[in-house]
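Open the model in your viewer and switch to a cartoon view.

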Amino acid sequence: MQEVEIACDESGYEGERLIGTTTDVFAHAGVHLPADVADACLTELRQRIRSPATEYKATHLLREKHRAVLVWLLGPSSPLFRHAHVFLIDKVCFVLDQLADLVLADTDAPGLSARTASAELYRLAARDGAGHVLLVAANDLMRGKERDDVRGPVDAFFAALGDGTAGIGSDPATRDRAVALRVRMKDDPSLSILDPLIPALVRAVAHWGHDGRPVTIVHDRQTMLPAERIAGLQRTLRRSGLTLERVRLAAAESEPRVQLADILAGTVRKIAQDELHGRGDPELTMLARPYLDQLSIWGDRPSWGRLRG
């Protein structure tokens, strides 16, 4: 079966640091276009925007004076329409989902599942400062930074959790799971729990290779995609019946398909983040809708309802 080659880039990416960043949403876009079509699309953007910039970014299209260009690019007459895909991650939701799976599993709180606890923590984080402190501690607990420190992040997390936050107490079993997680991270320097690039690449391959076709990804240059991480990703995908043939890194300025993926990721991320914060633009949200992965990681139901339509 003939392989499919897609070009990818991301927006809102700061590695495993997900809390306290300048963006609340991570977006990863994949574009499936011939190089000449992508180049013609960029030429059209230059003619419409008329900026002297050598490389166009999402910020060019997000200016109000270029709204018509953004509407065209996302709309049905654009070369991207039906040939691109965007996976979104609500960063707070991602942190709390991982926390629920790895630390809060089988919590002893009466009648409280780990997922229910995660949802309650999400609501708390959205409305008070203590919730933010807890999120930072949870992020630090699961980050690969300072792996040799097993106890410090655990103690900081349980200090932030306090006594019974969201119905979760500092019970010994929960603390033991947190310590075990930090030990695993210390023993395996390649273990990455919170890097959003990994689930994004999994969803890209699943989207474009769902019919059994092997997928090759041309990605913007990225230091977080060394050979050993790509090999691990390939093994994970094979277990699901998916094939990632290879990942080739390319400079966006010399690869028009990657430039379009960068623009698409940046514009859709901004549209989605505005919806998350209750200041969405109905027209742009409608235009972004066909590109969205329905399995995106999102915690806020009202905004996701508007994004999905």
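Contact, on this tour, means heavy atoms within 4.5 Å. With that in mind, select helix α9 (residues 197-208): this helix lies across β1 (4-11), β2, β3, β4 and β5, and runs at about 150 degrees to β3. Do remember that you are looking at a predicted model.

**The sheet**

In what order do the five strands of the open sheet come? Reading across, the order is β3-β2-β1-β4-β5, and the pairing is mixed. Colour β3 (84-90) and β5 next, since these two stand at the edges. Each has a single partner strand, so one side of each is left without a neighbour in the sheet.

Bring back helix α4 (residues 91-102). This helix packs on the sheet, where it touches β2 (25-31) and β3. The direction of α4 makes about 65 degrees with that of β3.

**From β4 to β5**

Select strand β4 (residues 215-220) together with strand β5 (residues 244-250). The two run parallel and are joined by six bridges. How does the chain cross from β4 to β5? The path goes through helix α10 (residues 227-239), and this β-α-β crossover is right-handed.

**Around helix α11**

Start with helix α1 (residues 35-49). Its axis and that of α11 are 8 Å apart, and the two helices pack at an angle of about 55 degrees, so α1 and α11 are oblique to each other. Their crossing is left-handed. Show side chains here: A35, A38, D39, C41, L42 and L45 in α1 meet P256, R257, Q259, L260 and I263 in α11. By class, this contact of α1 with α11 has eight nonpolar residues, one polar and two charged.

On the α3 side, pick L70, L73 and L74; they meet I263, L264, T267, V268 and I271 in α11. Seven nonpolar residues and one polar residue make up the contact of α3 with α11, with no charged residues. Keep I263 labelled, as this residue of α11 meets α1 and also α3.

Finish with helix α13 (residues 301-308). The axes of α11 and α13 come within 8 Å and cross at roughly 135 degrees, which makes α11 oblique to α13. This crossing is right-handed. Which residues make the contact? Select A272, E275 and L276 of α11 with S303, R306 and L307 of α13. The residues of this contact of α11 with α13 divide into three nonpolar, one polar and two charged.

Technical notes. Residues numbered from 1 in each chain as written. Predicted model: local features only at pLDDT ≥ 70, side-chain atom pairs only at ≥ 80, totals over all residues. Heavy atoms only, no water. Helix = DSSP H or I, 4+ residues; strand = E, 2+ residues; numbered from the N terminus. Nonpolar A, V, L, I, M, F, W, Y, C, P; charged D, E, K, R; others polar. Pairing = 2+ DSSP bridges. Right-handed = clockwise from strand over helix to strand, strands pointing away. Axes fitted to C-alpha atoms, helices over the stretch in contact; angles between N-to-C directions. Parallel < 35°, antiparallel > 145°, perpendicular 65-115°, else oblique. Left-handed = near helix turned anticlockwise from the far one by under 90°.
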